[in-house]
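Here are a few notes to read with the structure open beside you. Take them one at a time and find each spot as you go.

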Amino acid sequence: QVQLVESGGGLVQAGGSLRLSCAASEKIFRNYAMAWFRQTPGKEREFVVTLRWSRTYAADSVKGRFTISRDNAKNTMYLEMNNLKPEDTAVYYCAADSRRPLVVVTTPGDYDYWGRGTQVTVSS
């Protein structure tokens, strides 16, 4: 069964904002480390941001522009993207790591639960 479902992607103009959601199963949301990744055709999937121990750990490319948050009542993780740039165009994925690592993990291979992704397109 589907345990991670992203939504909220779409087409926005540069400088605009978009809010992505990741609806997770209760098990994943309450126990596993979760993060946002993104990928464009021909490129490796890259880490975007994660929220661990009430702190945000973000890729340099999105620091100051993207905000990650969680709604515990809804088992949902959000990604608020502001001041979007064309280079932010990608399929955004929600991921979870069942290992419950005690360190921040930014490599996609270490995450074993993935959503199918939601497309974000930023026009010039």
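This is a predicted model: local features need pLDDT of at least 70, side-chain atom pairs count only at pLDDT 80 or more; totals for chains, interfaces and linings use all residues.

1. Let's begin with the open sheet. Its 4 strands come in the order β1-β3-β8-β7, and the pairing is antiparallel. The edges belong to β1 (4-7) and β7, and each has a single partner strand, so one side of each has no neighbour in the sheet. On average, neighbouring strands here are turned by 15° against each other, if you ignore direction.

2. Now zoom in on one pair. β1 and β3 (residues 18-24) run antiparallel and are joined by 4 bridges. If you want one to look for, Glu-6 has Cys-22 in β3 as its bridge partner.

3. Next, some backbone angles. Most residues other than glycine have a negative phi. Asn-75 isn't a glycine, yet its phi is positive, at about 50°. You'll find Asn-75 in the loop between β7 (66-71) and β8 (76-81). Is Asn-75 buried or exposed? Its relative accessible area is 13%, and anything under 20% counts as buried, so Asn-75 is buried.

4. Arg-100 also isn't a glycine, and its phi is positive too, near 50°. Look for Arg-100 in the loop between β9 (90-97) and β10 (113-114). With 47% relative accessibility, Arg-100 counts as partly exposed.

5. Last stop, the surface. Trp-53, Leu-102 and Val-103 make a nonpolar patch of about 370 Å². Trp-53 sits in the loop between β5 (46-52) and β6 (55-58), and its 46% relative accessibility makes Trp-53 partly exposed.

Key:
Residues are numbered from 1 along each chain as its sequence is written. Side-chain values use heavy atoms; hydrogens and water are left out. Patches are made of residues with over 30% relative accessible area and no salt bridge: like charges are joined within 9 Å, nonpolar side chains (Val, Leu, Ile, Met, Phe, Trp, Tyr) within 5 Å. Accessible areas come from the Shrake-Rupley method with a 1.4 Å probe; for residues, only the protein chains shown count as cover. A salt bridge is a side-chain nitrogen of Lys or Arg within 4 Å of a carboxyl oxygen of Asp or Glu. Helices (H or I, at least four residues) and strands (E, at least two) are DSSP runs, numbered from the N terminus. Buried means under 20% relative accessible area, exposed over 50%, partly exposed in between (1.4 Å probe, protein chains only). Two strands pair if DSSP finds at least two bridges between them. Axes are lines fitted to C-alpha atoms, for helices over the stretch in contact, and angles run from 0 to 180 degrees between N-to-C directions.
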